[in-house]
Protein chains: 2
Amino acid sequence: MIFFNFEPILNRTLQMTIKEIARLANVSLGTVDRVIHKRGKVSPKTEKKILDILKYVDYRPNIYARGLVLNKLFTIAALIPSFEMGEYWEIPQNGIMKGAQDLEQFGIRVKVFNFNQNLPESFIEQSEKVIALKPDGIILAPVINFEAVRFTKKLNKLKIPFTIIDSNISDSGALCFIGQDAYQSGKLAAKLLKSEIGGKGNISIISIKNNENHNKTLQKRIEGFRDYFLESDEIDQISLREFDINQRATDWKELLRQVSSTPDTAGIFVPSSKVHFVAEVIEDLNVTIKLVGNDLIERNAHFLEKGVINYLICQRPENQGYIALDAFYRILVLKQGIQKEKYLPLDIVTKENLGYYNDALIRLA
Amino acid sequence: MIFFNFEPILNRTLQMTIKEIARLANVSLGTVDRVIHKRGKVSPKTEKKILDILKYVDYRPNIYARGLVLNKLFTIAALIPSFEMGEYWEIPQNGIMKGAQDLEQFGIRVKVFNFNQNLPESFIEQSEKVIALKPDGIILAPVINFEAVRFTKKLNKLKIPFTIIDSNISDSGALCFIGQDAYQSGKLAAKLLKSEIGGKGNISIISIKNNENHNKTLQKRIEGFRDYFLESDEIDQISLREFDINQRATDWKELLRQVSSTPDTAGIFVPSSKVHFVAEVIEDLNVTIKLVGNDLIERNAHFLEKGVINYLICQRPENQGYIALDAFYRILVLKQGIQKEKYLPLDIVTKENLGYYNDALIRLA
DNA sequence: TTGTATGCGTTATCAT
DNA sequence: ATGATAACGCATACAA
């Protein structure tokens, strides 16, 4: 039987200081510093000698000393949708604010700019404010895809580093993307709903939107949902129907009521946080339709607890904001590298584990 | 319509320094320091004046400066079970090692002590080594309950602060507990299994153990599992059977095969990471029994992918270790407070979302 | 090309 | 009871 007993950390010697390295190399600490920061004006010979030592002792600067002397304040701008209380974007924003609190003492400041996700001109207006601020970094939620792409191009020209959260833009030049795999999220929803309805029956997919824009996340979730059944062998026992509801129509609630109560519906999938609107209808009609949706907002949690919504699939939106901020901390302050893509787990939330997702925000990379 | 646009951070003035506060109070910075650290030898009058100013400006020390001057190395000992590669405790240990890496530059060092969880004398031996090290803090996994309780009493006497992970000890005097709600975990397992078997049939609960000890976590999970059906209205459509398998018996695999293949079994719940042993049997017998268990270890992930295990309930064990370490960082270095209890979410892992749980470790509070 | 001096904010020690 | 000062490790401006 093999037992492990790691002790790599304790075995390491204490961190070397520049002073000690200077002594080892028989030079002054100014010279060592010039090598470390590649400021030149060092003879090739001594440079090599110092580099060798640095490598050998695995020199890592004392972050306290560096933080103290730099005494720098980094400003990060977050450009995310506005929201009313209880709506989805409140959660990522909370994560950003929580990160701001934690990282303030490390020299990271945050300014949030909210735009109306139904008005491209609002995005443009706020994005110009962001640029005027000349931040050290930007966190971008590209929910208005077309304008967001233009914005990223501008940022690349201005050489302002940025991270993307929520939904990705390919080849945007972003430092990293933090978000979800929407396609797989749809597949997961399909699996859960199938299990709930016992493997056969009619399923409705209902998209509820507030504008005409093409919503990538919604589409990918639906795609994944559909594909799950296409790949399944029980394809003939399940039939899918799709409905679109536009909240701008004055009678949208009535329309929603109609599509939700289509006869012989065993299950409904709403690929967004707006699933609670359908839950209201189902509760009101008092029918037993299994319901799966996305995002743990208060309204959805309410119906989850009541058993009207059966499953919610979540993407740790609070962590998205926090991690985006932490990424800048690691890059700007700690001068570390970070991974280019961070896909957060697709959490399955149900009545039974709901309680432990409410304050699940945890720091870590 | 109300839109939010938080900007609390940017509005705050730059952090005050002790020097500036001294100037405001017309004293030297030595006096201010004495007040801050309650070292006395300050006249009540000036003390009050300084305290008022400190409060007014919401003084927060510069952590870089403090870290630099303290230049202290804290040693944390982790006392956790030993493991063979791929076993459950490898994961919490990995989380601890990851935290050690991240926090090393902040002056936190970690030494891990592994004990054999089937041998109380091994725990005693390792716990004595821990005490001999005189660490600044201890992370304890009290899987051998009786001995662990005695150990915590000793720690309280010695005034060595400690945190508890995995399963709790009530009134132990620990700084905090980081773990799971085992009872609720069992309930969740019941819900999932019930949904999978379509709400009726025979279910077996199989406990696989390696010793005679009373295992609190296992018991609570089973309790929760049972209670779910007791509280359910369909109680008469489901029947529960319970089996115990002791791995010390030479023929335990054969026994496991027998209980797993009990006729008319629609579902099996294994309240531990050892569910893969049952999965092997089910796969071998080539029967369609729905299977739910705990913990995302490699062997279980394997059977999840194959569809032999239907659901795994996980408790972010990697984060448990990381958070425990982070707690000490916050207490010892940042001198912050922490919450006394941190229950991690009960994650539901299935074939469809498995991929995103593999590297889900994230820093944060 | 190299070495030296100063200061960042806090803590702790020493005089007064 | 209070004030002055050295030190932590690093970055940088300046002197040699």
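**View 1. By class, the surface near DNA strand C has 13 nonpolar, ten polar and four charged residues.** Here Ala, Val, Leu, Ile, Met, Phe, Trp, Tyr, Cys and Pro count as nonpolar, Asp, Glu, Lys and Arg as charged, and the others, Gly among them, as polar. This is a predicted model, where local features need pLDDT of at least 70 and side-chain atom pairs count only at pLDDT 80 or more, while totals for chains, interfaces and linings use all residues. Residues are numbered from 1 along each chain as its sequence is written, and chains are lettered from A and ligands numbered from 1 in the order in which they are written. In all, 27 residues surround DNA strand C, with Ser28(A), Gly30(A), Ile18(B), Asn62(B) and Ala65(B) the closest; "near" takes a C-beta atom, placed from the backbone, within 6 Å of the molecule or strand. Two or more residues each come from helix 3 (29–36) and helix 5 (63–70) of chain A, plus helix 2 (18–25), helix 3 (29–36) and helix 5 (63–70) of chain B. Helix 5 of chain B gives the most, five residues. Helices (H or I, at least four residues) and strands (E, at least two) are DSSP runs, numbered from the N terminus.

**View 2. Around DNA strand D there are 25 residues.** The nearest of them are Thr17(A), Asn62(A), Ala65(A), Ser28(B) and Gly30(B). Helix 3 and helix 5 of chain A and helix 3 and helix 5 of chain B are the elements that give two or more residues to this surface. Helix 5 of chain A has the largest share, with five residues. Sorted by class, the surface near DNA strand D has twelve nonpolar, ten polar and three charged residues.

**View 3. Strand 3 (residues 137–140) of chain B has buried residues pointing both ways.** Gly137(B) and Ile139(B) point one way, Ile138(B) and Leu140(B) the other, and all are buried, meaning that 20 or more other C-beta atoms, placed from the backbone, lie within 10 Å of a residue's own. In a regular strand, side chains alternate between the two faces of the sheet. Strand 3 of chain B pairs in the parallel sense with strand 1 (residues 74–81) of chain B over four bridges, and Leu140(B) is the bridge partner of Leu79(B). To count as a pair, two strands need at least two bridges found by DSSP. Strand 3 of chain B also runs parallel to strand 4 (residues 162–166) of chain B, joined by three bridges, with Ile139(B) partnered by Thr163(B).

**View 4. Chain A has an open, mixed sheet of six strands in the order 7-6-8-9-10-12.** Strand 7 (238–246) and strand 12 (347–349) of chain A each have a single partner strand, so one side of each is left without a neighbour in the sheet. Nine bridges join strand 6 (residues 201–209) of chain A to strand 7 of chain A, and the two run parallel. Look for Ile205(A) in this pairing: Glu242(A) in strand 7 of chain A is its bridge partner.

**View 5. In chain B, strand 10 (residues 311–314) and strand 12 run antiparallel, joined by three bridges.** Leu312(B) stands opposite Val349(B) in strand 12 of chain B.

Definitions and conventions. Buried ≥ 20, exposed ≤ 12 C-beta atoms within 10 Å, placed from the backbone.
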